[in-house]
Amino acid sequence: MVEEKGNITDLESKVVYADLCCYCGACGAFCREYITYEDEKPTTKEKCYEYHGACYDFCPRTFFAPFDVERAVFGEVRKDNVLGYYKEILTARAKDPEIQKRAQDGGVVTALLSYLLESGKIDAAAVAKTAESDAWKPEPFVATSKDDVLAAAGSKYTQCPVLLGVGDAILDGKKSLALVGLPCHVQAMRKIQLSESFDVGADKVTAVIGLFCMETFDMEALKQKLAEIDVKIEDVEKFNIKKGKFLITVKGEEKSIPIKDMKGAMRPACRVCYDFAAEFADVSVGSVGSELGWNTVIVRSERGAELVKEAVEKGYLETQPLSEEGINAVKTLATRKKKENMKNIEAQAGKLKLLNMLVEPELLSLLLLE
Amino acid sequence: MHGAVGSGDVKKRIMKLLANEAQPMTISEIAKKVGVSWATAKTHVLELSQANLLKVKKFGRNWIVWKEFEKRERRTCSVFKR
């Protein structure tokens, strides 16, 4: 992996103050001395004098080399520039009725984690769980049983520093872990695993399950949007996104806001994200493309393929190949995110430097040969 | 007035004062800030010094008093360096 060096001051100037922080928790996961989080951002009360900090090294927004990660994790680079590297795309659902009842869609993530925990392949999973004290505020949580996993089931639509859970589990001596995260969490996890400078024991994370993600919402902005339709977040039973609508279930009644009207509530850092389908995970899971009550599953790595195969064999999952129509639906959404956000990336990135040549990204094709 | 302050209380106030001071202080400065006489301050400072809670050194006619900063090992990310 290409490595730049920086410390907490560089991280603050290049990421936090530039509104690029995705609040994944990677910077503070292994720095309990200086970094804390306030208002969904890392902050420091005291000065750290490390010249080369793990905080800068692990942050998915300081630098990220997609093809280096693909070579390291998948053994080769992608052929599909929309969905990234993958082996197969399936539609799947949990077989356990209890999981089906609690799940957001098909319960695939819950079923995979249940299989991994119950078979002893992992002893913990870092996930996001809604805080008991604060409605819909996700918190990092280390699940060690099926009950824990069930308690954390269901999608959350605001950001959670899940990597702090990975840090907690590793520092607590857990031997084998799974991570469930959004594309930003997955990128951070891969950076931690492939870091040439720091070894935090991240090879203990043996299963990385990614979730499809268009964006996450800023908690305060989300509350404001809900207030516009007379909904208090503490009354919400379920959130979902289907067919261009943000669906809110309140006391059994479903309300909706067009997703285009929710863009104002989007976290600023999500506007520069170029990954919809958690492209660097072992297995990516979402709902788009599949029937109601099923999940779309993109199997990417050898480990991911083995995990899905075993979960099917042991009766945790049922799978079918995803239809061409379903795959196209995933591609459409991924393309939309990439196209919209590439404009923001280009606007923020300025000119590209190719050795000594400084080139506007949109004019690059005028310069390079076919 | 000084008699109203318990001796344990004075010691605590001296310790707190020195913990917040970046530089060493003289007995006079301590006495003034804590609100006790020079002799009382000196007595308490010497007692605290005997208990190894403060450092004291005599320079000419002045007693210089300071509290050593607690040395706590910082666990930075350098412990994870390859």
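Modeller: Angles under 35 degrees count as roughly parallel, over 145 as roughly antiparallel, 65 to 115 as roughly perpendicular and the rest as oblique. This is a predicted model, in which local features need pLDDT of at least 70 and side-chain atom pairs count only at pLDDT 80 or more, while totals for chains, interfaces and linings use all residues. Residues are numbered from 1 along each chain as its sequence is written, and chains are lettered from A and ligands numbered from 1 in the order in which they are written.

Biologist: How do H1(B) and H3(B) sit relative to each other?

Modeller: The axes of helix H1 (residues 7–20) of chain B and helix H3 (residues 38–50) of chain B come within 10 Å and cross at roughly 75°, the axes being lines fitted to C-alpha atoms, for helices over the stretch in contact, with angles running from 0 to 180 degrees between N-to-C directions. H1(B) and H3(B) are therefore roughly perpendicular to each other.

Biologist: Which residues make that contact?

Modeller: From H1(B) they are Ser7(B), Val10(B), Lys11(B), Ile14(B) and Met15(B), and from H3(B) they are Thr40(B), His44(B), Val45(B) and Leu48(B), where contact means C-beta atoms, placed from the backbone, within 7 Å. By class, 5 are nonpolar, 3 polar and 1 charged; Ala, Val, Leu, Ile, Met, Phe, Trp, Tyr, Cys and Pro count as nonpolar, Asp, Glu, Lys and Arg as charged, and the others, Gly among them, as polar.

Biologist: What is the order of helices and strands in chain B?

Modeller: Chain B has 3 helices and 3 strands, which follow the pattern α-β-α-α-β-β along the sequence. Helices (H or I, at least four residues) and strands (E, at least two) are DSSP runs, numbered from the N terminus.

Biologist: And Val56(B), is that buried, exposed or partly exposed?

Modeller: Val56(B), which lies in strand E2 (residues 55–59) of chain B, counts as partly exposed, with 16 C-beta neighbours inside 10 Å. A residue is buried if 20 or more other C-beta atoms, placed from the backbone, lie within 10 Å of its own, exposed if 12 or fewer, and partly exposed in between. Not counting residues up to four places away in sequence, Val56(B) touches Val45(B), Leu46(B), Ser49(B), Trp63(B) and Val65(B).

Biologist: Switching topic, how many residues does each chain give to the contact between A and B?

Modeller: Chain A gives 13 residues and chain B gives 8, and the side of chain A that touches chain B has 7 nonpolar, 2 polar and 4 charged residues.

Conventions: Two residues are in contact if their C-beta atoms, placed from the backbone, lie within 7 Å.
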